[in-house]
Amino acid sequence: MNTKKLNRSVVPKEPYPEKILQIGEGNFLRCFIDWQVDILNEQKGLDAGVVIARPIDSDFPPSLNTQNGLYTTFLRGYDEQGNLRNEQRIITAVTREISIYKEYKEFLAIARNPAIRFIVSNTTEAGIAFNENDGFKDTPPREFPAKLTRFLHERFRTFGGTKESGFILIPCELIDYNGQELKRVVLQYVDLWQLGDEFRDWIVTANTFCSTLVDRIVTGYPKNESEELTAKLGYEDMFMVAGEFFHLFVIQAPESVAEELKIAGSGLNIEVVDDLKPYKDRKVAILNGCHTALVPIAYLCGFELVKDAVSDADLTEFLDRLLEREIIPYLGMSEKSLREYAANVIKRFKNPYIDHRLLDISLNSMAKFKTRILPQFLQYWRENNSIPPLMSLSLAALIRFYKGESGGNSYPLKDDKCFLEQYHDLWTDCTPMTQANAERIVEEILCLESHWGVMLSDIDGLRKKMANDLVSIDTKGMRATLREYLR
């Protein structure tokens, strides 16, 4: 098939003037940030081009310059009205891509462009790190904040430290209060490199470090559909990227940031707020919490994919009751916003275009249960003086899941070595499954105070209840045990 390649001849449109530096070339930023910028350019006249700086020394994947910065997004899933959407868009916001390692001088030259106003980044959770071995004269320094500090210093030196030359920085790394953390590490480099009080003051007073919460599942290049999609598009696109239709971008920043980005009336799900914490708590408890609670129960019921699990009547009822009775009442936002978000989460779980494997989500489930479910678990217990039935069932199912076997078939477990060794020893020593053995297993897990942060074994009746659940799951099966709770 002789198919033309995607480039500016396919989309005869002049590049936008560069106003945004994006550090990170990965699928997520291209399907999330650049997609939103493209819509703001088209609908609101933002008129902002994005120059992408690749922060790692790698030639794979190839540079977006091979397609003049153009690529196609495919967004598929349910909208807020429950309609299944399947939309494609050629992203024209990206002007070019440079390599910080191979084009370091050009990277610094971008700092001297007075039109650059925004800096966006996603360098993974480990990207915002300090390394005392990074040097100001390195070309470039190793860590992302060191590269950024050098870039900021070039800006400061070029424009004499004027307030107007400052940036709005919007990091998207998945850590709490990422903007504040990025600022803290940048200031560490200012001190390490002895760059002076004037530069430090300019960073603090002239630049706005925004913290963010990002939410969209991006599955990346649709390899299994590439031939079909290429035929449909009529052009070859090496950088096509697929994701879910849902998106949420929460930015902790002054209202002036929303005005500069021209968000109002765009139809995009972007919220500029004073504090991220309620939004993070909502996401962690509802989206992530439901995933973590669902995984062991659904997998032990014989499911492998989230979308198949939530098509099952029993598991749907489990999630509905979990949200209604044990999660939503214990979060600090309006009930309306929580219910709307929860409804969207369930729709996202049902997305037929995303094969989200339960075993993939099970990675580090012990830590995930602690951060995602335990806060609501404890709040329920404190307010009701009783054990949350479905959360405790999920924890019992998790303990059974860590046996690594179901229906005679084994499956891989992925967690810290200490947990895997402990579960292996427990399940080896506590076979066959009796009430006494179940209580021994449960007691040892509940007594992991160094992990949970509390002594869960002190909760009256919890060991007995979970041991009963564990015996039921191991002898009657997960499905029969779950149905006893749903009667």
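User: Which residues lie nearest the centre of the second largest pocket?
Analyst: The model is predicted: local features need pLDDT of at least 70 and side-chain atom pairs pLDDT 80 or more, whereas totals for chains, interfaces and linings use all residues. Numbering starts from 1 along each chain as its sequence is written, and side-chain values use heavy atoms, without hydrogens and water. A pocket is an open set of points on a 1 Å grid over the protein atoms alone, where a 1.4 Å probe fits, with protein on both sides within 12 Å along at least five of seven lines; lining residues have an atom within 4 Å of a point. Of the 18 lining residues here, those nearest the centre are Trp-35, Arg-85, Phe-245, His-247 and Gly-267.

User: Which element gives the most to the lining of the second largest pocket?
Analyst: Helices (H or I, at least four residues) and strands (E, at least two) are DSSP runs, numbered from the N terminus. H1, strand S4 (71–78) and strand S5 (84–91) each give two or more residues to this lining. With 4 residues, the element that gives the most is S5.

User: How many charged residues does the lining of the largest pocket have?
Analyst: The largest pocket holds about 1,400 Å³ of space, a volume filled by probe spheres set on grid points joined across faces, edges and corners. Among its 46 lining residues, Glu-125, Leu-174, Val-214, Lys-283 and Asn-288 are the closest to the centre. By class (Asp, Glu, Lys and Arg as charged; Ala, Val, Leu, Ile, Met, Phe, Trp, Tyr, Cys and Pro as nonpolar; the others, Gly among them, as polar), the lining has 18 nonpolar and 13 polar residues, and the charged ones number 15.

User: What is the bridge partner of Leu-21 in S7?
Analyst: Strand S2 (residues 18–23) runs parallel to strand S7 (residues 118–121), and 4 bridges join them. In S7, the partner of Leu-21 is Ile-119.

User: How many residues apart in sequence are the parts that the pair of Phe-130 and Tyr-189 ties together?
Analyst: Rings of Phe, Tyr and Trp (its six-membered ring) pair if their centres lie within 6.5 Å; planes under 30 degrees apart count as stacked, over 60 as edge-to-face and the rest as tilted. Phe-130 and Tyr-189 form a tilted pair, 4.7 Å centre to centre with 50 degrees between the planes. Because Phe-130 lies in the loop between S7 and helix H3 (144–159) and Tyr-189 in helix H4 (residues 178–192), the separation in sequence of the parts tied together is 59 residues.

Note on methods: Two strands pair if DSSP finds at least two bridges between them.
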